[in-house]
Amino acid sequence: MSMQLTPSMKEEVREHNVMITSFVPTSAPNKNDLSRRPPRPTSSEFTVMIESAERRENRRRKSKGWRAFCRKYGQLIIVFIVILGLLEEIDNRFSLEPWTEDHPVSTQRDFTVVQGIDDLTTDNVDAWCHTSRSRCSCQDPTVGDNRRESIRWWSRLHRINVEAASHTSDIDILLIGDSIVEGWMGTLRGHEIARAYGVREIFAKLFDATGNEAKYEGIALGISGDTSSNLLWRLQNGELPDNLNPKVIWVLIGSNDFGVTWCSPEIVLIGILRVVEELRMRKPNATIVINGLFPRTFHRKGYLMRGRPSFFGLTPKLPSLWRDFVSVNSELRQYGRARDRVEYFETDIFLVDKDAPFSELRIKNDLMPDCLHPSPDGYSSWGEQIVGILDQLIV
């Protein structure tokens with residue numbers, strides 16, 4: 001039976017013949033010297049050569065394609081899937097923190113009686129650090145913190161904010177805060193980012209009456225990563241000049257006091273109120289709106305009552321902060337009710353189902369993809385709510 005040779009098999013046979021003929025001496029051999037003549041392969045040897053080439057060709061063919069990939073990496077893929085399943089089970093079993101109180105109390109003092117800056121002290125605060133941390137980097141919330149001034153990008157943003165504030169006089173709204181407020185400019189740490197693409201245009205449409213259809217005029221002064229004491233220092237050092245006279249000052253600060261410096265709820269609350277009292281003292285004719293803390297979670301699926309468990313001790317455990325956020329927001333709401341020209345605002349637009357049980361509360365991925373910063377659609381929805389509040393406050 002004749003055997004069909006592939007090009008690669010023919011090449012191997014050709015190489016084999018070259019190898020055999022390479023032993024032929026360059027000088028003409030003695031015809032009588034049979035020992036000097038190269039042996040010629042027999043038909044059986046040719047058959048072995050062809051079969052060997054065919055086997056090698058089959059091995060090369062089998063080493064390519066998705067089947068070869070599965071044979072080589074299939075076991076690793078299966079092990080990886082099993083590990084993911086185990087991590088999912090660990091995440092579901094150990095990350096849930098049950099809600100044990102209907103209205104958890106974050107402080108031992110009544111802050112509705114605060115009449116000014118002097119009433120905000122840390123003398124009777126028992127714990128400065130969050131319960132999940134034995135050590136933290138909290139600073140005195142009643143004093144401005146300028147430790148970030150040595151950071152180049154932070155100093156640059158602060159100078160930009162000071163410049164913007166110094167060239168602004170009578171406006172309708174001034175928004176101040178951290179990265180969420182900076183996000184109105186479409187930036188993070190001063191650099192444009194993909195997830196905030198188009199947010200600057202949304203801000204201009206809502207709060208830039210120059211050449212736009214916006215009803216109100218405003219500016220946003222935010223810096224990523226700032227805590228309440230960082231914001232306090234900024235206000236005391238150029239970002240709230242005498243010439244700047246907004247009708248409404250919108251404050252959103254405090255999330256990083258929890259998630260970055262890991263302060264206790266009482267320290268966070270004092271820090272936020274210290275900023276508000278500074279604004280009341282410097283701008284007595286402005287209405288101050290305290291924006292309640294936006295939902296934040298470290299859980300990768302956005303569940304508020306679930307943290308992020310430690311990965312076999314290699315990464316730190318990150319707790320759920322929702323009960324602390326609810327506590328601080330409740331205190332801020334009561335404080336706002338007891339003050340003239342101070343309003344409290346809270347939104348639930350970032351929740352999948354605001355009426356769900358606490359254990360099932362989850363952040364909308366389309367409005368807050370990283371479970372911290374709003375998306376362009378999130379900014380748009382939040383901005384429309386701000387405009388609605390301004391309609392009530394500005395006659």
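How many Å² does the accessible surface of the chain come to, and what share of it belongs to carbon and sulfur atoms? The legends below start from that question.

**View 1. The whole chain, seen as a predicted model.** The accessible surface comes to about 22,100 Å², and 53% of it belongs to carbon and sulfur atoms; such areas come from the Shrake-Rupley method with a 1.4 Å probe, and for residues only the protein chains shown count as cover. The model is predicted, so local features need pLDDT of at least 70 and side-chain atom pairs count only at pLDDT 80 or more, while totals for chains, interfaces and linings use all residues. Residues are numbered from 1 along each chain as its sequence is written, and side-chain values use heavy atoms, with hydrogens and water left out. Look for eleven helices and seven strands; helices (H or I, at least four residues) and strands (E, at least two) are DSSP runs, numbered from the N terminus. Of the 395 residues, 45% are buried (under 20% relative accessible area; exposed is over 50%, partly exposed in between; 1.4 Å probe, protein chains only).

**View 2. Helix α9, residues 265-282.** The expected span is 1.5 Å times one less than the number of residues. The helix is mostly covered, with 15 of its 18 residues buried.

**View 3. E278 in helix α9.** E278 is buried, with a relative accessible area of 2%. Its side chain joins that of R282 through a polar contact of 2.6 Å (a pair of N or O atoms within 3.5 Å; within protein, one must be able to donate a hydrogen and the other to accept it, and residues adjacent in sequence count only if both atoms are side-chain atoms). Beyond four places in sequence, E278 is in contact (heavy atoms within 4.5 Å) with I117, L232 and Q236.

**View 4. L175 in strand β1, residues 170-177.** L175 is buried, with a relative accessible area of 1%. Beyond its neighbours within four places in sequence, its contacts include W184, F203, L221 and I386. The C-alpha atoms of L175 and V248 are separated by 8.5 Å, although the two residues are 73 apart along the chain.

**View 5. Residues 99-105, where pLDDT stays under 50.** pLDDT is the predictor's confidence in each residue, from 0 to 100. The model has nine contacts beyond four places in sequence for residues 99-105. Where pLDDT is low, the predicted coordinates should not be read in detail.
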